Amino acid sequence: MKMYRVKLINEENFVSNSSPSDVERHKTLVSYLEPAFKKLFATVLPWCQIQSFSFYRLFDHSNITAVSINPGFVRTVMENIKISRDISLDKNAIRPIYDKLQQDAKYRDVVYSILPTLPSEQKYLCIVLEYDLGVSKDVFSFTVSSSKAIKLDRIYHAFHQICLHFYQVFKPFDLKISLVLDERETWAGSSVKFSPFESLAKQFGLTSIQTTYLKMIGLGMDIPTISQTANRSPRSVDKALSAIRNKFSLQSKSELNAYLHIHYNDKLQDYFESIDL
């Protein structure tokens with residue numbers, strides 16, 4: 001099969017070996033994503049205006065799946081910030097939510113130099129949500145403008161629901177666009193790793209792959225999505241999920257979903273109480 005190289009963001013960093021059909025599907029999905037997210041924000045988060053959204057999936061190797069509704073913005077950021085020093089691209093640190101502009105002064109300066117000047121009562125925020133999938137780390141980055149003072153624990157669930165919506169309609173495993181990092185420096189940043197389902201895995205004696213599936217189920221992923229993301233057959237995923245339900249003494253998928261939802265929110269509350277917001 002003839003393959004084509006696709007340059008999503010810039011010549012050096014974002015490359016892909018994709019078939020023409022993959023490229024067209026990607027363009028279609030991205031063209032849907034921008035108006036869909038703007039509509040979601042207008043409905044769910046009317047107090048802010050979205051400037052950019054990017055999704056990254058970090059694997060153990062140097063490749064990162066990436067998509068953005070504003071690739072020009074991301075390209076300019078990448079030209080000004082050494083990508084190996086990007087705090088959100090540290091696979092070993094997972095935080096449920098943070099404002100990247102507060103965490104990284106260099107990133108803040110670059111963003112304010114790129115985006116339009118705001119009225120004095122408004123400011124930019126870069127809200128980042130990170131998820132541990134076992135086989136990868138997913139990063140959702142929302143650059144927004146707002147005049148409202150916010151607390152991260154108050155806005156978390158709205159942004160979390162938007163991320164879950166993304167999983168349902170966009171299917172990240174369809175993406176063939178990759179950010180290739182030839183060199184990675186050690187990031188001496190936060191060592192926080194929010195992985196709320198690890199304690200359940202230990203309590204119920206789950207295997208490594210069962211734990212991975214549990215993390216994905218906890219994010220509302222269906223069996224086909226889990227199968228593609230974990231590179232396992234749908235049958236093996238379904239069999240493993242049945243074994244998990246048996247270990248938890250639960251009768252149905254809906255019971256498992258509800259159980260994980262409650263557990264996740266409980267651990268999330270513990271996290272928010274442990275940090276200074």
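Author: A cavity here is a set of grid points where a 1.4 Å probe fits but cannot get out, and its volume is the space filled by probe spheres set on the points. The model is a predicted one.

Reader: What volume does the largest cavity have?

Author: Searching the whole structure gives three cavities of 30 Å³ or more. For the largest cavity, the volume is about 150 Å³.

Reader: Which residues lie nearest the centre of the largest cavity?

Author: By class, its lining divides into nine nonpolar, five polar and two charged residues. Lys100 is in this lining, and its charged end sits over the ring of Tyr107, 4.3 Å from the centre of that ring. Nearest the centre of the largest cavity are Ser54, Tyr56, Lys100, Tyr107 and Ser141.

Reader: Which strand gives the most to the lining of the second largest cavity?

Author: The lining of the second largest cavity includes Glu130, Tyr131 and Asp132. Its classes are seven nonpolar, one polar and three charged residues. The strand that gives the most, with three residues, is β7 (residues 123-132).

Reader: How many residues apart in sequence are the parts that the pair Phe37 and Phe142 ties together?

Author: Phe37 and Phe142 are stacked, at 6.4 Å centre to centre and 15° between the planes. Both Phe37 and Phe142 are buried. Phe37 belongs to helix α1 (residues 20-44) and Phe142 to strand β8 (residues 137-146), so the pair joins parts whose separation in sequence is 105 residues.

Conventions. Residues numbered from 1 in each chain as written. Predicted model: local features only at pLDDT ≥ 70, side-chain atom pairs only at ≥ 80, totals over all residues. Heavy atoms only, no water. Phe/Tyr/Trp six-rings, centres within 6.5 Å; stacked < 30°, edge-to-face > 60°. Helix = DSSP H or I, 4+ residues; strand = E, 2+ residues; numbered from the N terminus. Buried < 20%, exposed > 50% of the residue type's maximum accessible area, 1.4 Å probe, protein only. Lys NZ or Arg CZ within 6 Å of the ring centre and 35° of its normal. 1 Å grid on protein atoms, 1.4 Å probe; cavity = no way out; pocket = protein on both sides within 12 Å on 5 of 7 lines; lining within 4 Å. Nonpolar A, V, L, I, M, F, W, Y, C, P; charged D, E, K, R; others polar.
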